[in-house]
Each structure stands twice: as C-alpha cells, then as structure tokens.
Amino acid sequence: MVAQPEAGGGLANLGNTCFMNSVLQCLVHTQLLHRYLEKRQHSAKCRRRQGEFCLFCALEDLVQRTFAQGPRSPAFAPRAIANALPAIAKGFRLGRQEDAHEFLRYVLEKLTKEGSAVVEAARPPGVTGKYTALQSWFSGALRSQIQCCHCGHESNTQDPFLDLSLELRAVGGRVAPDLDGAMTQFCQEEFLDGANKYKCEACGKLRRARKQFLVERPPRHLSVHLKRFSFGEAGGGSGKISAHVAFPATWQLARYSAARTRLGVEQTPPLPYQLYAVVCHDGGSTHSGHYYCYVKLVREADVLRAPAYLLFYLLPQQHHEAAIAHWRDPRPAAASSARTYRARPRLPSAPRRPWAVR
Ligand SMILES: [Zn+2]
Ligand SMILES: [Zn+2]
C-alpha cells in the first residue's frame, strides 16, 4: 500500500497558467504517479536529445523541486512545462486562459501513450498491444450495451476512458445536485427509437433498443470532469453552471458497475474511491476566472464545499484487485457468430475549448 504523498510546495503563476498549475498540482499528488516520478524511473532510460522537451523528465523535475521541503518548499515556477505548452496540448498558447480539463486530458493521453512498459502491470482482458503501468493506473473502460427490445439480443462493447466527463444539466434543464445525480444520469438507460432505431444483428431488422453505459473496468486513479460550461448556438453565448454540486470524500462506484448486472448487488465487489485532489473554478463566465486546487492536507469540510470542476479519486489497491477478477473479455464468445455492434464512443469526446479568449 503506497501512502498518499505529503503535500508539496506551490507553483508560481506564469501569466494565466492557473489552469495548468492546478492540474499539475493534482498530478504530482497522485500517489502512483508521484512514486514513479520520485524514483526517476523514467529519466534513467530517457532517450531525449539535448535541449529537447520531455514531459516525463519535466514532471520528475517538478516533483523534485516542489517536494524537497514538504509543504514549506518555496513556490516553483514550472517554466519548462509552460514553454512547452503548445507541444503538450494542441492549440494552447502561453498567456491565454485555457481549460483545465482539456489540459488534463492531453497530459493523461501523453502519459499513458508514451509511458514505458512495465511487466507486472495487470493487462485487462481484450486489451492488446503495448500496455504500460501508467495505462493500468489511469485507464478504465465503460461497457456500452445495446439490447433489442424485440428479441432481447444483447451486444456489448468496451469504450476505454481516461476520465469520466459528466453532464450536470439533465434534459429537463434541472442541474444535478451531486456527483451521484450526474453519474446516475450518465448511466441511465436510453431508448433508440424512431429515426434512431437499431439494426439488430439477431433479428436482422431495425428495432427499438435499450442502450446503457456502465463502468466495466474501474481504473486505480479516476478523474471526474463536471461539465460546468454550456454553449449556445453557433457563435452565440456560453455560460457556466455555478450551482454547488456536492461530492463525497468516499465515492462508492459499485452501483454503476457492469459487474453488478452479472453478479447481483451482494456479490459485486465494493469500489470505494477516495478523494485526494480537487480542481476548482471561480468566476462566472468562460472567458474569465481563476483555477485553484485542493490537495489532501486541508480540512475535509472545506474541500467538500468547494466549487469543484475536476475531482481526483483513488481506488485502494485491495479493492482494485478484487474488481480485476470480474473484468470481462469484451470479445464475443466463440460459439456466437454475432458481430459486436460498435457504438459511437461517448468517451473520450473531442476536446472543447471553453476557456479560450477569442
Ligand atoms: Zn524524458
Ligand atoms: Zn432483435
């Protein structure tokens, strides 16, 4: 069991870099990543040339600088990362207010794609190709299930995700009061009907069908994006959902798990995710505002009142191991000739730029 790192020092703002600083703070306080960076597991084998930017090396440096003297470490200016911003996140420009979620997504994609392979990482069923320790920490998968309402035929696919991006506003316009409200909405059954009917591979006809997303493969580190920004019609106004959205210090994800539909409530392993960092946003519009973050040190009651934008949870190792036993191979059984319907993946969605000053 790896202990949560003690909080390190702060980061100096380099001009509108609060979106970047707050995400970097949360990442260097992300247990498994912190340990990996602290031990310099990457740079020992890094093949970057003189003067070339390497995100892993830069993050190692960040951990060394900000944790040197614990919380009393002097504020560090992450200049190397700031200067390399356009190389990390396509279209980002130093000095411009950008979206913290989009930045996080770019960094996680880079970390999971370019991280070096580690042998002991448990490879989930159905995942082929290079599989790295960083993938095993950050990547999860949703089960997208479509069931024909006529014959009951089911088709399941897995959609990998690096974070859960949750709508806060329901169809009726009501804002979800809490994280569970938003997640329930995300996992709600929807019906494909009318012009949207589903071509059932068992009946061979267009049928009304039930569609649902559930969590098939829960990751160790789970980040949740609360979609606080709404967008008007082409070029029109955009707004922020400023309402408080409650979130728990321990979030029980088992009720959204695909394993529960197979094993039942009693037999489904619990998934008690522990909150360890939060990115918040202050300000009323998409063009202005300030990001800041909480990492595990401050009083919990203060954190739970915060206007959260990104939430970072960790699933303790023993619970993760129990869940792994129930991961299901997404490939259809050999006996079945049914082709798996490929749902349009809902995650990861195309990055949006709600913070860009135009
Ligand atoms: Zn490197
Ligand atoms: Zn059918």
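Predicted model: local features only at pLDDT ≥ 70, side-chain atom pairs only at ≥ 80, totals over all residues.
In soluble globular proteins, nonpolar side chains tend to be buried together.

Val-23 can be followed through its contacts. Apart from neighbours within four places in sequence, Val-23 touches Ala-100, Phe-103, Leu-104, Val-107 and Val-279.

Arg-105 belongs to helix 6, residues 100-114. Is Arg-105 buried or exposed? Arg-105 is buried, because 21 other C-beta atoms lie within 10 Å and the cut-off for a buried residue is 20 or more. Arg-105 also lies 7.3 Å from Leu-162, C-alpha to C-alpha, although 57 residues separate the two in sequence.

Helix 2 packs against helix 3 at an angle of about 95°, and their axes are 9 Å apart. That angle falls in the range of 65 to 115 degrees, so helix 2 and helix 3 are roughly perpendicular to each other. The residues that make the contact are listed below.

| Helix | Residues | Contact residues |
|---|---|---|
| Helix 2 | residues 31-38 | His-34, Leu-37, Glu-38 |
| Helix 3 | residues 55-67 | Leu-59, Glu-60, Val-63 |

By class, three residues in the contact of helix 2 with helix 3 are nonpolar, one is polar and two are charged.

Technical notes
Residues numbered from 1 in each chain as written. Chains lettered and ligands numbered in written order. Contact = placed C-beta atoms within 7 Å. Axes fitted to C-alpha atoms, helices over the stretch in contact; angles between N-to-C directions. Helix = DSSP H or I, 4+ residues; strand = E, 2+ residues; numbered from the N terminus. Parallel < 35°, antiparallel > 145°, perpendicular 65-115°, else oblique. Nonpolar A, V, L, I, M, F, W, Y, C, P; charged D, E, K, R; others polar. Buried ≥ 20, exposed ≤ 12 C-beta atoms within 10 Å, placed from the backbone.
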